[in-house]
Amino acid sequence: MPVNFPTNPTVNQTYSYSGVTWIWRDTFWDVQNTGTTSATAASDVANASTGFFALPAGTTAQRPQS
């Protein structure tokens, strides 16, 4: 399920997908908790964060496989 965030968002611009609303905080997308829907896992790293998450970096060999 691809999530197609806007490529050039402005600060505080929102984007909704599958019942979850995200807001652009100038350097990252932040999940807005609606209290009614849980977001699909965005990474394979276990975490309890309600803010942003780190995207894998490095060479293909250094990143987790899909």
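This passage walks through the fold, the strand pairing, the turn residues and the aromatic rings of the structure shown above. The model is predicted, so local features require pLDDT of at least 70 and side-chain atom pairs count only at pLDDT 80 or more, whereas totals for chains, interfaces and linings use all residues. Residues are numbered from 1 along each chain as its sequence is written, and side-chain values use heavy atoms, with hydrogens and water left out.

The protein chain contains three strands and zero helices, where helices (H or I, at least four residues) and strands (E, at least two) are DSSP runs numbered from the N terminus. Along the sequence the pattern reads β-β-β. Of the 66 residues in the protein chain, 12% are buried; here buried means under 20% relative accessible area, exposed means over 50%, and partly exposed lies in between (1.4 Å probe, protein chains only).

Strands of a sheet pair through backbone hydrogen bonds, either parallel or antiparallel. In this model, three strands make an open sheet in the order β1-β2-β3, and the pairing is antiparallel (two strands pair if DSSP finds at least two bridges between them). Because β1 (14-17) and β3 (29-32) stand at the edges with a single partner strand each, one side of each has no neighbour in the sheet. From one strand to the next, the twist averages 30 degrees (axes are lines fitted to C-alpha atoms, for helices over the stretch in contact, and angles run from 0 to 180 degrees between N-to-C directions). Four bridges join β1 to strand β2 (residues 20-24) in the antiparallel sense. Within this pairing, Y15 has W22 of β2 as its bridge partner, and Y17 stands opposite V20 in β2.

β1 and β2 form a hairpin with two residues between them. S18 lies in the loop between β1 and β2 and, although not a glycine, has a positive phi of about 55 degrees. S18 is exposed, at a relative accessible area of 52%. A positive phi, near 70 degrees, also occurs at N12, another residue other than glycine. N12 belongs to the segment before β1 and is partly exposed, with a relative accessible area of 47%.

Finally, the aromatic side chains. The structure holds five aromatic pairs, counted for rings of Phe, Tyr and Trp (its six-membered ring) whose centres lie within 6.5 Å; planes under 30 degrees apart are stacked, those over 60 are edge-to-face and the rest are tilted. One of these pairs joins F5 and Y15, a tilted arrangement at 5.2 Å centre to centre with 50 degrees between the planes. This pair links distant parts of the chain, F5 in the segment before β1 and Y15 in strand β1, ten residues apart. F5 is partly exposed at 26% relative accessibility, while Y15, at 17%, counts as buried. Together, F5, Y15, W22, W24 and W29 form one aromatic cluster.
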